[in-house]
Amino acid sequence: MSQDWPSWLPLRGNLRELSAYGAPQLPADAVLNTNENPYAPSPELAQAIAARVLTVASTLNRYPDRDALALRTKLAEFVNNLSATSFTSRNIWAANGSNEIIQSLFLAFGGGSAIGFTPSYSMHPLIARVCQVAWTNGSRRADYSLDIDSAVAQIQSSKPSLTFITTPNNPTGSAVTFDEIEKLAINTPGLLVVDEAYAEFSDEASAITLIEKYPHVVVIRTMSKAFSFAGARVGYLVAHPSVIDAMFLVRLPYHLSALTQAAAEVALDFSTELLATVDQLRSARNQMAQELEELGLTVLPSSANFLLFTGFEQSSPELWQALLDRGVLIRDVGLLGYLRVTIGNVAENKKFIDSLSACLGVEI
């Protein structure tokens, strides 16, 4: 809820009616509301990070590498192995989670307007507003899928400097195909920002491979989800070097701490281990979708590590609270008649299905 601000506080008028972003952080047996990876880093990785942090700790009286060159080089190597590209550190920018990247894109390129197709990641329009960039809520089909021809028409009508596409989309889970993204790239002025926070959970090819042909395509990725690294806050941008150079114009000095850089560098050395849970979570996602349908619910097709479902008789807030009362925390994303659940570990998923069936009065 927004609050009543004191009259003496010179808060900008376009912020006064806003509420701070954030998923509820509440105690629960199964915390399935923030799309985290439920599998913690291994003891071996934790020890490797601790050893590296111990080394870095002896130099904390000095500022970190302002350009995070070692980390960006490692990220370029990771991306190249992932997509058979030949990027260098000049194509990579690392930041405090993908949200800082989004904010920096608005700061650098928000002189015009921006468009995204809602419902989608709610931080896109929120950060646009904070950065005082005019935002257009583009429309989707009634089932929340993206009509590419309609999207192209909306883009050409609004002529934005920034166009946001989230794939897989949050909160719906749907993916935009590689061919559809290329069609958007051909028809998009300004920058086409492809937010791929959940790309590892999808079968679709990454838009990263479009950058060489379409230098106005920029791709946001994160280590928070598939990498089990949400607590470290590391996101990265893959883009043409000119876009990366612009990021340095708007970034805060020393924005990525030495500890964060060190931890992320070690995690990239363990990338095979960290990404090993992706197939496990995809399989659990498909199983949970089937179980939800067996409860008589409708589940939107998902290429992410979460499911959006509907078909229950209670209101979304009522069912959300009923589940929380049983120790299960999921997400009310503000879509009437829908709730979103993150795929957890085996015990968490069972707790969710058992609790949901009890709330619905359905025997399993």
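1. Helices (H or I, at least four residues) and strands (E, at least two) are taken here as DSSP runs, numbered from the N terminus. This is a predicted model, in which local features need pLDDT of at least 70 and side-chain atom pairs count only at pLDDT 80 or more, while totals for chains, interfaces and linings use all residues. Residues are numbered from 1 along each chain as its sequence is written, and side-chain values use heavy atoms, with hydrogens and water left out.

2. On the sheet: seven strands form an open sheet in the order 2-8-7-6-5-3-4, with mixed pairing, where two strands are said to pair if DSSP finds at least two bridges between them. Strand 2 (92-95) and strand 4 (134-138) are the edge strands, each pairing on one side only. From one strand to the next the twist averages 20°.

3. Within this sheet, strand 6 (residues 191-195) and strand 7 (residues 217-222) pair in the parallel sense over four bridges; Asp 195 stands opposite Ile 220 in strand 7.

4. Helix 6 (residues 178-187) lies across strand 5, strand 6 and strand 7, and runs at about 155° to strand 6.

5. On helix 7 (residues 241-250), the buried residues are Pro 241, Val 243, Ile 244, Ala 246 and Met 247, with buried meaning under 20% relative accessible area, exposed over 50%, and partly exposed in between (1.4 Å probe, protein chains only). The elements covering these residues include helix 2 (69-83), strand 2, helix 3 (97-109), strand 6, strand 7 and strand 8 (235-238).

6. Glu 265, found in helix 8 (residues 258-269), is classed as buried because its relative accessible area is 7%. Leaving aside neighbours within four places in sequence, Glu 265 is in contact with Arg 52, Ala 70, Leu 71 and Lys 74. Glu 294, by contrast, has its place in helix 10 (residues 277-294) and is classed as exposed because its relative accessible area is 57%. The C-alpha atoms of Glu 294 and Ile 364 are separated by 8.7 Å, although these residues are 70 residues apart along the chain.

Technical notes
Axes fitted to C-alpha atoms, helices over the stretch in contact; angles between N-to-C directions. Contact = heavy atoms within 4.5 Å.
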